[in-house]
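Please keep the sequence and the structure in view while reading.

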Amino acid sequence: MNIDDLKNSFQSLSYNSDENMNVDFTRKVEGIVEKVRKEDHRDRLIIVGAGIMMIVFAVIYSAIGLIEYLENPHGSSWWGYGLYVLSILSILPVFRYKYRKIGRSDYNAPVIQFIADVEKKFAFFPKEYAISMIPFLILADASIVYIYAGNQAPTLQNVLSAQIPIFGGLGLGLLIGAILWYAKKLPILEELRAIKSNLS
């Protein structure tokens, strides 16, 4: 965090005449900035890992889909594998966007702006990412329907059965995400909000 920015921030504090408290405040801000930096680094590693895993899945399912097509070009299952590959391709740009956005984080921004940026970045489930997941979920859902259909045309039973793994996987993902958010990001947000309250 920019030291000049910290000095300017102290001017708005009721205890700015107390040098020791100003030093403590500076250390607190510098410490939270380092925590945010480490969390951003961890998030970028997770994104890279998830992206590599998705690419591996895309290659595997492409091969399976090709085999299914060669064995039974009139069946439905190869459509399912193809749609699953498309669902993966639809999510990779989202990973890339998030990775690049985290990389553009400004750790020397003014305190208030830095806090606002982190609050937006560390939100539990940002709307922009929720919306970008819709194509992935639709394609993944359709892929399971076709895979369940096998050599037959998809039926209502296939559609209903496909919702079990889709919603089960989505629910599990949200649960894991919530646990990690409460453990990693919420404590940082609470510290930042405490700092913001001292600056107001």
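The sections below move from the whole chain to single residues.

## Basis of the model

The model is predicted; local features are given where pLDDT is at least 70, side-chain atom pairs count only at pLDDT 80 or more, and totals for chains, interfaces and linings use all residues. Residues are numbered from 1 along each chain as its sequence is written, and side-chain values use heavy atoms, with hydrogens and water left out.

## Overall architecture

The protein chain has 7 helices and 0 strands, and its elements run α-α-α-α-α-α-α from the N terminus on. Helices (H or I, at least four residues) and strands (E, at least two) are DSSP runs, numbered from the N terminus.

Of the 200 residues in the protein chain, 33% are buried. Buried means under 20% relative accessible area, exposed over 50%, and partly exposed in between, with a 1.4 Å probe and protein chains only. The chain exposes about 12,200 Å², and carbon and sulfur atoms supply 64% of this area. Accessible areas come from the Shrake-Rupley method with a 1.4 Å probe; for residues, only the protein chains shown count as cover.

Contact means heavy atoms within 4.5 Å. Among contacts between residues at least 6 apart in sequence, 76% join residues at least 24 apart. One separation across the sequence is that of Glu30 and Tyr107: they are 77 residues apart along the chain, and their C-alpha atoms are separated by 9.9 Å. Glu30 lies in helix α2 and is partly exposed, because its relative accessible area is 40%.

## Nonpolar cores

In soluble globular proteins, nonpolar side chains tend to be buried together. A nonpolar core is a set of buried Ala, Val, Leu, Ile, Met, Phe, Trp, Tyr and Cys residues joined through side-chain atoms within 4.5 Å. The largest such core has 18 residues, of which Val36, Phe114, Val118, Leu192 and Ile195 touch the most other members. Helices α2 (19–71), α4 (111–121) and α7 (156–199) each supply at least two residues of this core, and α7 gives the most, with 7 residues.

Leu192 touches Ile32, Val36, Phe114, Ile115 and Val118, when residues up to four places away in sequence are not counted. A second, separate core of 9 residues includes Met54, Tyr84, Tyr129 and Phe136.

## Aromatic and charge–ring interactions

The structure holds 7 aromatic pairs. Rings of Phe, Tyr and Trp (its six-membered ring) pair if their centres lie within 6.5 Å; planes under 30 degrees apart count as stacked, over 60 as edge-to-face and the rest as tilted. Tyr61 and Tyr84 form a tilted pair, at 4.7 Å centre to centre and with 45 degrees between the planes. This pair links distant parts of the chain, with Tyr61 in helix α2 and Tyr84 in helix α3 (residues 77–103), 23 residues apart. Tyr61 counts as partly exposed because its relative accessibility is 27%, whereas Tyr84, at 19%, counts as buried. Trp78 and Trp79 form another tilted pair, at 5.0 Å centre to centre and 35 degrees between the planes. Trp78 is partly exposed at 23%, and Trp79 is partly exposed at 46%. Tyr69, Trp78, Trp79 and Tyr146 form one aromatic cluster.

A charge sits over a ring if NZ of Lys or CZ of Arg is within 6 Å of the ring centre and within 35 degrees of the ring normal. The charged end of Arg44 sits over the ring of Tyr99, 3.8 Å from its centre. Lys185 lies over the face of Phe122, at 5.2 Å from the ring centre.

Helix α6 (residues 134–149) has 16 residues, which should span 22 Å at 1.5 Å a residue; its end C-alpha atoms are 23 Å apart, which agrees. The expected span is 1.5 Å times one less than the number of residues. The buried residues of α6 are Phe136, Ala140, Asp141, Ser143, Ile144, Val145 and Ala149. Gly150 follows α6 and has a positive phi, near 65 degrees.

Ser77 lies in helix α3 and counts as buried because its relative accessibility is 8%. Apart from neighbours within four places in sequence, Ser77 is in contact with Glu68, Tyr146, Ile147 and Gly150. Ser87, also placed in helix α3, is buried with a relative accessible area of 0%. With neighbours within four places again left aside, Ser87 is in contact with Phe136, Leu139 and Ala140.
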